Amino acid sequence: MQGNFSYHNPTKLYFGEDAMNYLIGELKCYGPTVMLSYGGGSIKRNGIYDAVVAALEGAGKTIVEDPGVMPNPTYEKVMEGCHLVRENNVDLILAVGGGSTIDYAKAVSASVYCEEEAWEKYWVKQGSPSCKTVPIGAVLTMVGTGSEMNGGSVITNRKAGFKLGKVFGPNLYPKFTILNPRFTMTVPQYQMVAGFFDIMSHLMEQYFAGTADCTTDYINEGLMRSLIHSTRIAAKNPQDYEARANIMWTATWALNTLLKCGKGGDWEVHQIGHAIGLVTDATHGMTLSSVSLPYYRHVMHDGLHQFVRFAKNVWGVRPEGKSDEQVATEGLKCLEDWMNEIGVVTHSRELGVTEENIPAITDAVLILPVGYRTLTRDEVIDILHQSM
Ligand code: NZQ
Ligand code: ZN
């Protein structure tokens with residue numbers, strides 16, 4: 001292991017089919033008024049809303065309804081949420097949904113008592129809250145982002161022309177999260193597999209960096225192998241509880257800061273994906289799947305040793321009689337085959353990327369000086385063209 005780091009994750013998890021039984025006890029630890037934040041209504045159709053409201057009532061809470069958090073949540077919606085929190089003196093924000101709802105809850109929590117312009121302070125300048133924040137709890141209904149156990153909050157600001165992520169410190173992680181794999185069974189297939197790829201992308205973004213022999217990479221490889229195994233089962237049979245439960249658990253560990261220990265990280269696929277999301281409003285995981293293969297083929301020679309390791313340890317590629325380039329290329333071919341098998345988008349034109357909007361997407365891409373290669377603007381354009 002190289003470098004210095006600390007590891008602290010304060011989110012308390014309740015996992016499994018009985019996890020909801022523990023919500024009421026957690027709610028009792030907070031004040032009387034709870035803002036119930038959720039998305040476009042899936043939780044009303046699948047019964048999760050009723051179960052949550054029963055727990056809230058059982059704990060004697062006053063409920064402030066906050067529906068309509070959209071996928072790729074906007075800064076405008078965050079400002080509306082802040083208004084509701086202030087008006088009702090909310091003691092806890094309970095986010096029931098996927099990454100969008102939980103990210104939104106963190107954004108509201110940090111922004112509501114912020115005396116500066118929150119967008120500028122947190123998402124542009126990457127500052128930390130110096131004001132009071134509101135505690136958050138979560139009930140996860142869609143697997144992928146890892147937002148249930150991290151400080152990530154990705155917000156779209158169309159007026160500013162950016163979709164940007166802010167990673168808040170542990171005081172803004174959910175205080176507790178309910179993880180019941182059954183709650184994810186009603187997620188439509190397209191969303192489900194997009195989430196599967198999001199998990200793989202989080203694993204790869206952290207794996208493809210650095211040169212040291214690092215325990216974190218071995219943990220990461222184990223998670224990738226479990227994910228590949230279980231997603232093959234779940235893509236064919238989404239009702240397979242064991243597979244869905246494994247995937248849920250993998251997603252949480254894929255992005256709860258464990259895999260960052262001793263590693264730098266890349267995250268350029270996410271920057272390009274967020275820019276595509278800004279312009280097309282496409283599903284997050286699909287924006288990543290549409291650009292990953294051209295991106296990794298582009299940087300493969302810069303991080304060849306790690307792409308060889310990926311091929312051998314994750315996909316079981318046999319190296320005998322092959323050059324490193326051949327082994328690494330075979331690993332990426334295995335990745336491509338798995339992507340086709342689970343059914344994710346591999347062409348960005350399917351998401352609405354056109355020759356005409358490539359300049360706008362490119363302008364919105366943050367180029368990070370980390371990973372194996374720092375891209376130029378022309379390289380971003382090239383990758384986007386290849387992704388179409
Ligand atoms: O809005 P509702 O009606 O709830 O429907 C949602 C939404 O349409 C639906 N859904 C969720 N659970 C369901 C369900 N439908 C039926 N049954 C259920 N049980 O799924 C759709 C997508 O939900 P969303 O929350 O948008 O998906 P996801 O979890 O993929 O979150 C995406 C957002 O998270 C950000 C992304 O950029 C994007 O904005 N990310 C957050 C990260 C973090 N916090 O660390 C990291 C990620 O890389 C990512 O950037
Ligand atoms: Zn992601």
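**Entry 1: polar contacts of ligand 1**

I started at threonine 186. An N or O atom in its side chain sits 2.8 Å from a nitrogen atom of ligand 1. I keep in mind that this model is predicted. Next I checked histidine 202. One of its polar side-chain atoms is 2.8 Å from an oxygen atom of ligand 1. Then I looked at glycine 40. Here a polar backbone atom lies 2.7 Å from an oxygen atom of the ligand.

On its own it has 960 Å² of accessible area, and the protein covers 90% of that.

**Entry 2: the shell**

I found 31 residues around ligand 1. Gly40, Gly99, Ser100, Asp103 and Thr186 are the closest. By class I noted 20 polar, 8 nonpolar and 3 charged residues. Four elements are listed as giving two or more residues to this shell: α5 (99-111), β6 (152-157), α7 (189-207) and α10 (268-280).

**Entry 3: serine 109**

I then moved to serine 109, which is in helix α5. Is serine 109 buried or exposed? Its relative accessible area is 0%, so I log serine 109 as buried; the cut-off is under 20%.

I looked for a polar partner of the serine 109 side chain. A polar atom of that side chain lies 2.7 Å from the backbone oxygen of valine 134. Leaving out residues up to four places away in sequence, serine 109 touches Ile93, Lys132, Thr133, Val134, Ile136 and Leu172.

Definitions and conventions
Residues are numbered from 1 along each chain as its sequence is written. Chains are lettered from A and ligands numbered from 1 in the order in which they are written. This is a predicted model: local features need pLDDT of at least 70, side-chain atom pairs count only at pLDDT 80 or more; totals for chains, interfaces and linings use all residues. Side-chain values use heavy atoms; hydrogens and water are left out. A residue is near a molecule or strand if one of its heavy atoms lies within 4 Å of it. A polar contact is a pair of N or O atoms within 3.5 Å; within protein, one must be able to donate a hydrogen and the other to accept it, and residues adjacent in sequence count only if both atoms are side-chain atoms. Accessible areas come from the Shrake-Rupley method with a 1.4 Å probe; for residues, only the protein chains shown count as cover. Ala, Val, Leu, Ile, Met, Phe, Trp, Tyr, Cys and Pro count as nonpolar, Asp, Glu, Lys and Arg as charged, and the others, Gly among them, as polar. Buried means under 20% relative accessible area, exposed over 50%, partly exposed in between (1.4 Å probe, protein chains only). Contact means heavy atoms within 4.5 Å.
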